[in-house]
Amino acid sequence: MVSAGIRNLWMAHAEELGVAYADAASPIRFHLVTRALLDHLPRRARRVADIGGGYGRQAILLARSGRSVAVLDPDKHMLELVRASLETEDLAVRGRVALVEGYGENASRLLKGRFDLVCCHSVVMYVEKIRPLLLSLSNITSPKGLISILTINPASVAMREGLQGRWKEAATLIRNPAYTASRYIPNRKHRIHSIREAMRKLSFELVAWYGVGVFTDHLSTFDRSELEEICELEWLAGLSDPYRSVARMAHLVFKRRPA
Ligand SMILES: C[S@@+](CC[C@H](N)C(=O)[O-])C[C@H]1O[C@@H](n2cnc3c(N)ncnc32)[C@H](O)[C@@H]1O
């Protein structure tokens with residue numbers, strides 16, 4: 001079911017779930033994004049909203065750090081996956097995660113109060129019009145709160161296919177960044193500049209940005225015993241130019257401009 005006016009490419013392709021997202025490098029991505037968030041979040045910041053938080057991995061990592069996390073997602077199937085992942089967590093973590101069904105665009109109607117951190121990770125690329133979603137994120141963010149957006153960087157989108165040796169597809173992506181290979185869910189590659197500009201109009205400024213998965217985003221497997229060294233390398237690369245600019249994924253952290 002897609003709500004009137006909100007075209008959601010993810011749910012329109014729900015049957016392909018799992019195929020596109022069975023991504024070997026995701027523990028690295030979650031480690032990096034969580035590290036960045038914990039660096040920015042003051043200790044007293046307790047309330048987190050994870051918009052489009054299906055799978056629940058980010059919510060669980062933040063709940064383990066003592067935060068209360070409201071996961072809002074329009075897809076019942078995704079919320080079921082969060083529920084299943086929570087079953088293996090201890091009671092305190094489970095008690096800190098609340099699941100709410102609905103669209104991010106309707107967040108202020110569906111979630112109570114404002115949040116110290118509003119995450120929206122790997123969601124904007126499945127939404128055709130980003131402005132209503134970004135407005136909604138800004139409406140539920142507390143005055144000193146942060147908004148965290150993880151998205152595809154269209155400027156370097158050919159990196160995954162190129163490093164995987166998919167030569168023709170990489171060339172196609174450089175010519176036309178909007179192209180999506182048939183094995184992936186169709187997506188909208190909103191430009192980082194457009195996201196920043198839309199956030200600026202909502203009085204939010206970029207306080208930090210990171211490239212995510214510079215050296216590993218394309219891998220279908222890696223040696224888990226090396227996770228710590230890989231994460232440290234990726235952290236450094238994700239912070240430094242020119243490496244971060246060539247990552248296919250960008251993590252953007254915004255805060256409200258002082259009045
Ligand atoms: C690729 S998954 C990302 C899940 C999670 N945020 C993560 O990073 O692992 C995309 C999620 O966005 C959700 N979604 C798509 N459109 C949405 C919208 N308009 N509002 C809120 N969630 C949405 C989907 O249901 C799905 O759970």
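Q: What makes strand S2 mostly covered in this predicted model?
A: A residue counts as buried if 20 or more other C-beta atoms lie within 10 Å of its own. Five of the six residues of strand S2 (residues 68-73) are buried, so the strand is called mostly covered.

Q: How do you know that S1 and S2 pair?
A: Pairing requires at least two bridges between two strands. Strand S1 (residues 47-51) and S2 are joined by five bridges, so they pair, and they run parallel.

Q: What makes S2 and S3 a pair?
A: S2 and strand S3 (residues 97-101) share five bridges in the parallel sense, and at least two are required, so they pair. Val 69 stands opposite Val 97 in S3.

Q: Which residues of helix H7 are buried, and what do they pack against?
A: In helix H7 (residues 130-139), Ile 130, Leu 133, Leu 134, Ser 136, Leu 137 and Ser 138 are buried. The elements they pack against include S1, helix H6 (107-110) and strand S4 (115-121).

Q: How do the residues of the shell around the ligand divide?
A: They divide into 13 nonpolar, eight polar and four charged residues. Of the 25 residues around the ligand, Gly 52, Gly 54, Asp 75, Gly 104 and His 121 come nearest. Helix H1 (9-12) and helix H3 (57-64) each supply at least two residues of this shell.

How values were computed: Residues are numbered from 1 along each chain as its sequence is written. This is a predicted model: local features need pLDDT of at least 70, side-chain atom pairs count only at pLDDT 80 or more; totals for chains, interfaces and linings use all residues. A residue is near a molecule or strand if its C-beta atom, placed from the backbone, lies within 6 Å of it. Helices (H or I, at least four residues) and strands (E, at least two) are DSSP runs, numbered from the N terminus. Ala, Val, Leu, Ile, Met, Phe, Trp, Tyr, Cys and Pro count as nonpolar, Asp, Glu, Lys and Arg as charged, and the others, Gly among them, as polar. A residue is buried if 20 or more other C-beta atoms lie within 10 Å of its own, exposed if 12 or fewer, and partly exposed in between; C-beta atoms are placed from the backbone. Two residues are in contact if their C-beta atoms, placed from the backbone, lie within 7 Å.
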